[in-house]
Amino acid sequence: MKIILDLLRVRDWAKNLFVFLPIIFGGELLVWPTLLMGIEVFACFCLISSSIYILNDVHDRDYDRSHPRKRNRPIAAGLVNRSVAWGCSLTLGCAGFITALFLLRTTPGAIGAMFGYAVLNLAYTYFLKDIAIIDVISIATGFVLRVVAGGYACGIWVSPWLIVMTFMLTLFIAVGKRRDDVIRNEEGSESRKSASGYSLEYIDMTMGILSACLLVAYLIYSLSPEVEARFHSGSVYLTAIFVVAGILRYMQVAIVKRSSGDPTRLFYRDPFIICCCVLWLLSFILIIYG
């Protein structure tokens, strides 16, 4: 069972929670039909993303074998052969899109966003990941497509500010993740080709710029008349304290602890980041629904 869960990268399904952002920011988190639709979109993305993760692991198996953490992945470790992996990937991909066509047939925009996500990530797997800057932009765009799909499926208008914030946040995290590759490259270990296009100074400066842009975008959105009118509250900006704390902690992990290579692991295991996420969500819900 563990091999199957590792092959599907179930831990990385947390990334698909971004489909719920339109529901949260749209103030419909407690509306059951809307929440149910969000869960359906989430399930489809889990199937499709796992399909692509498997293809990625097949493609990167040689590189993964030299990585201290990724060498334990089922394909790199030789626990699953390529034929089985290809079969699993095809099955999951087909299941994801067939499920989407059945559950989301009335929202073609959501299906289109999922298809765009699949095409983008296939391109990322086979060549975009080797091009510096384009690699992290591709990752961030994939998260934006998740948000767009969630908005289309639930019939919620997605604010341009939400798109900007999602892009800035995930670009910030992706750049921090590349910092780990640059460190490995400078230590003489095998790393991604794109790592040669970065330096620690460049990444640290970029993270600083992106964190500032993210915070400004969040504050402008939370203080906008649109938000005050929608939620009948002018206090949404108070949730920014948890955004600031989360950003500072991630930068501390990346720059001080030099351990930002697996953001998903941080999401699950770092108490500080977990608290920031939980308190942000609770404060947001309290302000909107309280």
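Which residues form a nonpolar patch on the surface?

## Basis of the report

The structure is a predicted model, in which local features need pLDDT of at least 70, side-chain atom pairs count only at pLDDT 80 or more, and totals for chains, interfaces and linings use all residues. Residues are numbered from 1 along each chain as its sequence is written, and side-chain values use heavy atoms, with hydrogens and water left out.

## The nonpolar patch

The patch is formed by Trp86, Leu122, Tyr126, Phe127, Ile131, Ile133, Ile134, Ile137, Tyr202, Met205 and Ile209, which together have about 1000 Å² of accessible area. Patch residues have over 30% relative accessible area and no salt bridge; nonpolar side chains (Val, Leu, Ile, Met, Phe, Trp, Tyr) are joined within 5 Å, and like charges within 9 Å. Accessible areas come from the Shrake-Rupley method with a 1.4 Å probe, and for residues only the protein chains shown count as cover.

At least two patch residues come from each of helix H6 (108–126), helix H7 (134–154) and helix H9 (200–222). Helices are DSSP runs (H or I, at least four residues), numbered from the N terminus. H9 gives the largest share, three residues. Ile134, in helix H7, is partly exposed, with a relative accessible area of 36%; partly exposed lies between buried (under 20%) and exposed (over 50%), with a 1.4 Å probe and protein chains only.

## Nonpolar cores

The largest nonpolar core has 72 residues, and Phe25, Leu104 and Phe284 have the most contacts inside it. Such a core is a set of buried Ala, Val, Leu, Ile, Met, Phe, Trp, Tyr and Cys residues joined through side-chain atoms within 4.5 Å. Apart from this core lies another, of eight residues, among them Leu7, Leu8, Val58 and Ala85.

Beyond its neighbours within four places in sequence, Phe25 is in contact (heavy atoms within 4.5 Å) with residues including Leu162, Tyr218, Arg230 and Trp280.

## Salt bridges

The whole structure holds 13 salt bridges, each a side-chain nitrogen of Lys or Arg within 4 Å of a carboxyl oxygen of Asp or Glu. Asp12 and Arg9 pair at 3.5 Å, N to O, and both are buried. Arg73 and Asp57 form another salt bridge, with their closest N and O atoms 3.2 Å apart. Arg73 lies in the loop between helix H4 (61–65) and helix H5 (82–103) and Asp57 in helix H3 (residues 32–59), so this pair ties together parts 16 residues apart in sequence.

Arg179 and Asp204 meet in a salt bridge at 2.7 Å, N to O. This pair links helix H8 (residues 160–186), which holds Arg179, to helix H9, which holds Asp204, 25 residues apart. Salt bridges that share partners join Arg9, Asp12, Lys15, Asp57, Asp64 and Arg73 into one network.
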